[in-house]
Amino acid sequence: MRRVVTPGRLLAAGLALVAVVLALLVVPSSEYVFLPDPAHPVAPLVTVKGGHDPARGGVYFVDVIVRKATLLERLFGGLHEGADLYPAGAVNPPGVNDAERRRIDIQDMRRSQQVAAAVALRTAGKKVVLRSTGALVDAIDPKLPAAGKLEPEDVITAVDGRRVTSPQDVFKVMSGVKVGQTVRITIRRGKQTLVERMSTVTSGPPANRAIVGVSIEPSVDIKLPFPVRIDAGNVGGPSAGLAFALEVLEEMGRDVIHGHKIAATGEIRPDGSIGSIGGIKQKTIGAREAGVDAFLVPAGDNARVARQHAEGLRIIPVETFPQALRALATLAPNA
């Protein structure tokens with residue numbers, strides 16, 4: 001028998017189609033999408049006691065929009081210019097969910113603000129007190145023993161009961177540990193003090209050292225000679241450190257950008273070195289969209305990828321804060 005098409009059946013079919021489309025547009029997948037975001041001026045975020053905003057040009061920071069990809073974005077990754085899809089394991093550290101990653105990102109941002117202010121003030125000849133407090137966990141190998149036990153932003157304060165105040169101290173203690181031996185690592189996580197036990201594995205040739213699978217950097221307590229306030233709102237991660245340090249110097253009256261619009265990205269460390277960051281493709285596109293004159297990026301792979309997406313934007317690779325200042329000093333002043 002021939003099926004009779006009625007208005008009710010047409011409506012039902014239409015609603016079903018709409019439901020499918022909405023699912024593709026709204027329902028998140030298990031992957032994450034990285035999207036460009038136009039660079040933002042730093043001056044509104046920074047307040048230096050007795051300082052002032054630059055009259056011309058400006059320093060800009062760049063970030064990346066990171067969210068769960070929809071099913072449609074997963075099927076057709078090219079829906080957005082400059083978008084990239086990543087599995088959850090490439091975004092969240094082992095054992096860390098979205099909320100915990102967000103907390104870690106905010107901690108990274110706060111630390112980068114403190115370090116940026118310290119580096120800028122020290123460059124200006126001000127007295128800044130830095131006190132080593134341990135070894136900060138920067139990254140964790142998901143396949144090695146520390147995965148699921150340590151988290152980024154943990155501060156290692158002791159190994160096998162021996163107090164450590166720097167990465168060098170950790171390496172010294174670990175040099176006496178044999179491969180396969182269990183170690184007790186004391187960490188400070190927020191206001192908690194925890195002790196995690198884990199077996200060591202070999203680092204591989206040629207050293208064949210005992211390791212647990214973390215990269216670490218200095219954790220420092222910073223005391224500034226006068227207040228510097230940096231408020232980036234809900235933006236997380238350490239990559240705006242270089243931009244913040246440049247802006248602090250500008251507001252202290254030192255002309256470092258010479259009237260240019262300068263975007264900058266890179267994690268700044270207490271010694272003034274510049275560390276690599278993620279999402280450099282999207283950040284380069286964001287710098288282009290803001291119409292800046294030049295983009296300072298960490299040297300190495302970050303600079304290589306940035307040049308691939310520059311489309312005429314001047315890319316300036318830097319390894320240290322003093323090098324960034326010297327590079328900017330070579331730019332002809334804008335009228």
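In which sense do strands S7 and S8 pair, and over how many bridges? Keep in mind that this is a predicted model. S7 and S8 (residues 155–159) run antiparallel to each other, with two bridges; Ala 135 has Ile 156 in S8 as its bridge partner. S7 (residues 129–140) also pairs with S14 (residues 214–223), again in the antiparallel sense, over 10 bridges.

Now for the nonpolar parts. The largest nonpolar core has 45 residues, and Leu 242, Phe 244, Leu 246, Leu 296 and Phe 321 touch the most other members. Helix H3 (residues 98–123) is its top contributor, giving eight residues. Another core, of 19 residues, lies apart from it, and Ala 135, Leu 150, Val 159 and Val 173 are among its members. Back in the largest core, Phe 321 has contacts well along the chain, including Val 119, Leu 242, Ile 268 and Ile 274.

Last, the aromatic rings: searching the whole structure turns up two pairs.

| Pair | Distance of centres | Angle of planes |
|---|---|---|
| Phe 34 and Tyr 86 | 4.6 Å | 50° |
| Phe 61 and Phe 244 | 6.3 Å | 50° |

Phe 34 in strand S1 and Tyr 86 in strand S6 are 52 residues apart, so this pair links distant parts of the chain. Phe 34 is buried at 14% relative accessible area, while Tyr 86 is partly exposed at 30%. The other pair ties together parts 183 residues apart in sequence, because Phe 61 sits in strand S4 and Phe 244 in helix H5. Phe 61 is buried, at 4%, and Phe 244 is buried too, at 0%.

Definitions and conventions. Residues are numbered from 1 along each chain as its sequence is written. This is a predicted model: local features need pLDDT of at least 70, side-chain atom pairs count only at pLDDT 80 or more; totals for chains, interfaces and linings use all residues. Side-chain values use heavy atoms; hydrogens and water are left out. A nonpolar core is a set of buried Ala, Val, Leu, Ile, Met, Phe, Trp, Tyr and Cys residues joined through side-chain atoms within 4.5 Å. Buried means under 20% relative accessible area, exposed over 50%, partly exposed in between (1.4 Å probe, protein chains only). Helices (H or I, at least four residues) and strands (E, at least two) are DSSP runs, numbered from the N terminus. Contact means heavy atoms within 4.5 Å. Two strands pair if DSSP finds at least two bridges between them. Rings of Phe, Tyr and Trp (its six-membered ring) pair if their centres lie within 6.5 Å; planes under 30 degrees apart count as stacked, over 60 as edge-to-face and the rest as tilted. Lists of a residue's contacts leave out its neighbours within four places in sequence.
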